[in-house]
Amino acid sequence: MKPSVPAAPALDALPAVRPDRVPLMLLPVLVLAALPLTGSLSTWVTLTFAGLAMGMIIFIIASGLTLVFGLMDVLNFGHGVFITLGAFLATAVLGRMTGWTESESLTRNLAAVLPAMLAAVVVAGLVGLAFERLIIRPVYGQPLKQIMITMGGMIVGVELIKVVWGPQAIPLPLPAAFRGSFLFGEAAVEKYRLIAVVVGLAVFGAMSWVLGRTKVGLLIRAGVQDREMVESLGYRIGRLFVGVFVAGSALAGLGGVMWGLYQQSVTPEMGGQINVLLFIVIIIGGMGSVGGCFIGALLVGLISNYAGFLAPKVALFSNILLMVAVLLWRPQGLYSVVKR
Amino acid sequence: MTFALETKELTIRFGGHTAVDAVSCGFAPGSLTAIVGPNGAGKTTYFNLISGQLKATAGRVLLHGEDISGSSAAQRSHRGIGRAFQLTNLFPNLSVLENIRLAVQSRAGLGLNLWSIWNSHRELIGRAEEVLETVALTAKRDMAAAALPHGDQRKLEVGILMALEPDVFMFDEPTAGMSVDEVPVILDLIRALKARRDKTILLVEHKMDVVRELADRIIVLHNGALVADGDPASVIASPIVQEAYLGVEVAK
Amino acid sequence: MILHRLFSGDFPRSRVLLVMLLAIVAGLVLTPFIFPGAKALNVAAKACIFIVLVASFDLLLGYTGIVSFAHTMFFGIGAYGVAIALSHFGPTWAGVAAGVAAALAVSLVLSLVIGLFSLRVKALFYAMITLAVATAFQTLASQLSELTGGEDGLTFKVPELLSPGFSLSEHPFLGVSLDGRLISFYLLIAATVVLFLLMLRIVNSPFGRVLQAIRENEFRAEALGYRTVVYRTLSNVLSAAFATLAGALLALWLRYNGPDTSLSFEIMIDILLMVVIGGMGTLYGSVLGATLFILVQNYLQDLMKFASEGLGKVPLLRDLVHPDRWLLWLGILFVLSVYRFPTGIVGKLRTAARKS
Amino acid sequence: MSTPLLKLEAVHTHIGAYHILHGVDLEVAHGELTVLLGRNGAGKTTTLRTIMGLWHPSAGRVLFDGEDLGALGTPEIAHRGISYVPENMGIFAELTVAENMLLAARGAKRPEDIDPKRLEWVFGLFPALKRFWQHPAGLLSGGQKQMVAVARAIIEPRKLLLIDEPSKGLAPAIIQNMVEAFRELKRTDTTILLVEQNFNFARQLGDRVAVMDDGRVVHAGTMAALAGDEGLQQQLLGLSLAAHQ
């Protein structure tokens with residue numbers, strides 16, 4: 001009898017690698033489409049920068065959340081508490097250094113802000129370590145319990161923040177040299193927004209480097225696809241996951257400092273409020289995709305600002321509308337993460 | 001003759017892989033057909049296409065001559081296709097009786113009744129108790145399904161199928177993993193069912209002595225395609241079966 | 001036999017639980033006579049409303065295994081329905097009926113849309129989507145200020161029978177004046193009992209049994225011939241309807257509604273805590289959970305104040321037992337519940353009763 | 001037989017509520033290729049996963065070089081010198097072939113760090129790998145993926161290889177390539193435990209054979225004995241219908 005299996009395929013019949021760049025194109029398309037709508041070039045520049053700055057901060061906060069989900073199928077509904085923690089730590093550090101923050105010298109300002117960021121990153125990271133151990137580890141693989149327990153973790157976390165800093169809002173003024181705007185022709189771009197864009201790009205760059213060029217990054221990308229195989233190759237995925245969780249919490253802490261300075265005031269509830277925004281961003285990006293998260297965050301930031309100028313009432317719902325539109329187009333989000 | 005169940009050119013592809021490849025086969029009312037083939041031949045996938053857990057890429061499924069290709073798994077269940085699963089698939093924290101009772105309730109079409117009290121339907125419970133008796137699980141009626149030993153879980157799986165009273169029974173390796181002394185209970189049930197000659201039975205089974213004893217007819221699947229079909233004696237004579245089971249002869 | 005029909009054959013099945021439930025019912029019913037004062041009456045009324053709300057959430061979470069964060073949205077719709085109708089049409093019973101009917105219709109459509117759109121996806125995704133939708137709805141409610149009164153909310157008059165000015169008799173009965181508040185309170189109790197028993201019936205109906213089967217093994221339920229999307233959506237709709245009715249009761253009792261009273265995310269968190277601590281999938285858990293929570297919320301603070309003052313000199317400890325930090329302790333209890341006793345207080349009591 | 005490299009003693013494994021292995025006894029000797037045969041659901045894959053620590057035995061012992069692996073985690077077991085090719089091959093589809101290989105080379109930080117001699121040897125076994133070195137592994141054909149999976153398991157010398165059905169779904173030409181590769185591998189004195197359904201494939205490679213059914217090993221012996229005894233084959237491999245002719 002003839003073999004019923006087909007002959008071996010020709011070895012060089014391999015499809016070319018074609019990365020999906022369509023979602024990436026959304027950004028320039030959106031930015032350009034907004035130009036005629038806003039009416040003036042200077043307004044457009046201002047709004048675009050505001051949107052990019054907001055998007056970058058959201059990205060810093062959301063990247064850890066989406067990565068943790070991609071790696072471990074754990075969605076931390078309590079992620080927001082690390083944002084709040086970072087922001088309150090900033091008030092504590094900067095509040096003690098008013099002499100330096102009120103100085104006109106950029107060096108002195110930075111000497112105050114950098115320790116605040118460092119404190120936020122370190123403490124949020126450490127709390128993340130405890131959070132993973134106490135809250136998340138016992139409920140791996142049980143989505144229902146995970147949702148509830150991380151929510152519970154957030155309640156306790158927020159209450160503890162209230163114990164330390166009190167329940168009321170605390171002002172977080174920008175250091176003197178960060179205030180005001182640069183003028184590009186007629187367009188005014190707030191200095192702090194420029195800083196936010198730079199920090200955001202730096203985080204994105206660092207993250208891309210770690211994920212794309214280092215062995216740890218390789219392990220993370222492999223772990224997102226097949227956890228068991230990574231373990232079978234001899235790597236402790238549990239440790240890797242803790243590392244990613246801690247890094248994600250630390251980034252949320254950093255994002256909290258940035259967000260607090262952006263809002264110039266912090267409240268214990270801020271984390272919970274941003275949570276919704278974060279979920280929208282990672283749903284848009286495709287759960288688990290860092291690149292998608294980056295694009296999603298910038299889209300959300302830009303659209304919020306354009307819509308806020310063009311149709312303030314619509315702006316309140318622009319994120320939801322964006323999410324619905326993206327999901328109708330790509331039900332898995334911009335970049336779906338393939339799992340075995 | 002109208003077949004009780006018939007598949008026409010039934011095909012499913014996953015990516016580039018054709019798991020079931022244009023299988024056309026009719027099953028006569030009252031017959032017992034064994035489906036054999038090696039691991040990965042597509043037997044369970046073929047079952048999934050018939051019972052509606054998977055949607056075919058191409059081809060049709062006919063039940064009593066009527067096209068049911070577009071129906072969901074739930075609708076096919078209502079129309080009389082009953083399926084027992086290869087891997088035991090129960091409601092783990094519900095009691096043994098409740099597992100069966102839910103099947104009886106589905107059969108009675110009472111699922112959307114919001115107003116009556118479930119245990120006021122004595123007839124459903126009675127029927128469930130009867131089924132428990134036939135699969136020899138009466139003594140364990142109040143245990144949680146997950147707490148049963150493996151063999152009893154297999155019996156419960158078959159019991160759920162009995163309770164649905166389908167026209168077409170599909171058994172996917174009903175005796176897998178059962179200890180030797182438990183196997184006869186299941187085989188007796190299938191034997192009794194066959195003796196009634198009013199139900200159509202499809203059986204995937206690896207134990208060839210079981211197949212030889214029970215089947216009216218054997219079909220062989222290999223790499224998703226139907227490669228042999230006939231009464232046990234002629235299929236047995238076919239060299240294709242040897243090949244299917246031992247693998248493609250490779251040059252030495 | 002009557003009891004069997006009334007309780008749909010689903011009894012507490014634990015003597016301790018039975019005693020606790022009887023105590024709660026007696027306590028609530030007799031509140032006006034044994035705990036004088038407006039605060040006690042308010043607390044009891046709130047407990048009743050939350051029993052209905054939490055039970056309706058349990059229908060979804062405990063029985064069907066769906067985590068939704070949009071439950072307070074339906075609660076809010078009910079409250080706004082009554083509030084908007086009564087402020088526009090004046091304090092008439094027809095207004096109440098119109099408000100409730102409109103609210104139910106809105107809830108029906110919304111829950112149907114959310115259900116059909118997203119119940120096919122994973123639990124996590126559903127939780128996230130409902131959270132986003134609920135947030136958007138909250139924003140919408142405060143933006144449509146001409147209709148909803150915005151952040152300030154709506155204060156309105158209720159039909160005369162229910163208003164404080166109404167008096168049934170000039171003579172107080174057992175020292176309690178028979179005014180509209182008292183009538184409102186007992187109507188509220190009656191509504192709570194009816195709605196609770198109705199839900200108890202639903203979860204013990206053949207339909208309710210299918211919901212539990214879906215929670216256990218959705219794939220198998222579908223293979224048995226139950227179209228799970230239909231059941232899950234129906235469960236979503238029913239749960240939303242009962243939450244809407246609870247919202248209507250809230251508005252009638254408070255004669256006020258605003259975003260913080262019925263829509264806020266804090267309430268969502270509260271009912272999540274109540275249902276888990278009380279016991280998911282038991283319905284009786286909602287009675288225990290809601291009552292306990294409301295009592296803690298309103299009275300534990302006094303106790304904590306006392307402790308806090310006693311610890312005046314110990315800084316951190318003093319802050320931990322500060323009266324405003326009661327949620328901290330319930331949060332910890334919640335986290336422990338999810339780990340240690342996922343069936344909550346009711347589950348614990350029933351297990352204990354079975355063993356003895 | 002000298003002390004076996006791997007020895008399973010009455011191993012029971014539960015997956016959730018399900019009791020899958022009912023006391024597996026198995027020995028794999030140094031330097032030999034042992035084939036694990038048996039029908040679908042007999043417990044072959046579960047046996048490999050239990051050795052690898054992906055499931056934990058509920059009773060019995062898994063001895064490797066005299067050490068009980070029972071309580072160890074999968075990464076620790078891998079570090080003892082065992083590599084594993086699962087049934088689904090465990091290819092990281094979105095990573096390149098080079099990155100897939102790099103992950104298996106524990107000491108290497110970049111693909112260039114992989115021992116070039118060893119790499120050339122592997123390329124010699126599977127030339128397709130060299131050609132598609134920089135391509136995402138997900139784009140390869142099934143046979144090529146299987147080559148990556150096997151290559152990954154041997155890119156560093158290991159004491160024991162566990163391989164689950166490498167011939168599954170492969171074209172005869174590719175299977176032949178696999179047979180050659182395994183023969184070459186045997187010359188390097190690597191111990192291999194191979195799960196197979198394809199008896200003709202297994203027959204060409206196996207020194208020893210164990211047949212499983214219902215979660216137990218029901219037959220163990222040399223491949224030569226089984227290959228020479230058609231009656232035994234039919235009895236063990238579910239072909240007893242053929243005996244009826």
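In the predicted model, the largest nonpolar core comprises 346 residues. The residues with the most contacts inside this core are A:L75, A:F77, B:F171, C:F69, D:F126 and D:L129. Helix α3 of chain C, spanning residues 38-64, supplies the largest share of the core, with 18 residues. A second, separate core contains 28 residues, among them D:L6, D:L48, D:I82 and D:V195.

The contact between chain B and chain C was examined next. Chain B contributes 35 residues to this contact and chain C contributes 30 residues. Together the two chains bury about 2800 Å², of which 61% lies on carbon and sulfur atoms. On the side of chain B, the most area is lost to chain C by B:F91, B:L114 and B:I117, which together account for 23% of what that side buries.

Between chain B and chain C, 19 residue pairs are in polar contact, with both residues at pLDDT 80 or more, and the count of salt bridges is 2. In one salt bridge, the side chain of C:R209 meets that of B:E98, with an N to O distance of 3.2 Å. The elements of chain B that give two or more residues to the side touching chain C are α2 (73-79), α3 (96-108) and α5 (150-164). Of the residues on this side, α3(B) provides the largest share, namely 6 residues. By residue class, the side of chain B that touches chain C divides into 17 nonpolar, 14 polar and 4 charged residues.

Apart from neighbours within four places in sequence, D:H56 is in contact with D:T13, D:G70 and D:L72. For D:G70, the backbone oxygen lies 3.2 Å from a polar atom of the D:H56 side chain. The C-alpha atom of D:H56 is separated by 10.0 Å from that of D:T46, a residue 10 positions away along the chain.

Backbone geometry was also considered. Most residues other than glycine have a negative phi. Against this background, B:E165 has a positive phi of about 45° although it is not a glycine. B:E165 is located in the loop between α5 and β7 (168-172) of chain B, and B:E165 is partly exposed, with a relative accessible area of 29%. In chain D, D:D65 likewise has a positive phi, of about 55°, without being a glycine. The loop between β4 and β5 (67-68) of chain D holds D:D65, and D:D65 is partly exposed at a relative accessible area of 43%.

Key
Residues numbered from 1 in each chain as written. Chains lettered and ligands numbered in written order. Predicted model: local features only at pLDDT ≥ 70, side-chain atom pairs only at ≥ 80, totals over all residues. Heavy atoms only, no water. Contact = heavy atoms within 4.5 Å. Buried area = accessible area lost by both parts, 1.4 Å probe. Salt bridge = Lys/Arg side-chain N within 4 Å of Asp/Glu carboxyl O. Polar contact = N/O pair within 3.5 Å; in protein donor to acceptor, adjacent residues only side chain to side chain. Helix = DSSP H or I, 4+ residues; strand = E, 2+ residues; numbered from the N terminus. Nonpolar A, V, L, I, M, F, W, Y, C, P; charged D, E, K, R; others polar. Core = buried A, V, L, I, M, F, W, Y, C linked by side-chain atoms within 4.5 Å. Buried < 20%, exposed > 50% of the residue type's maximum accessible area, 1.4 Å probe, protein only.
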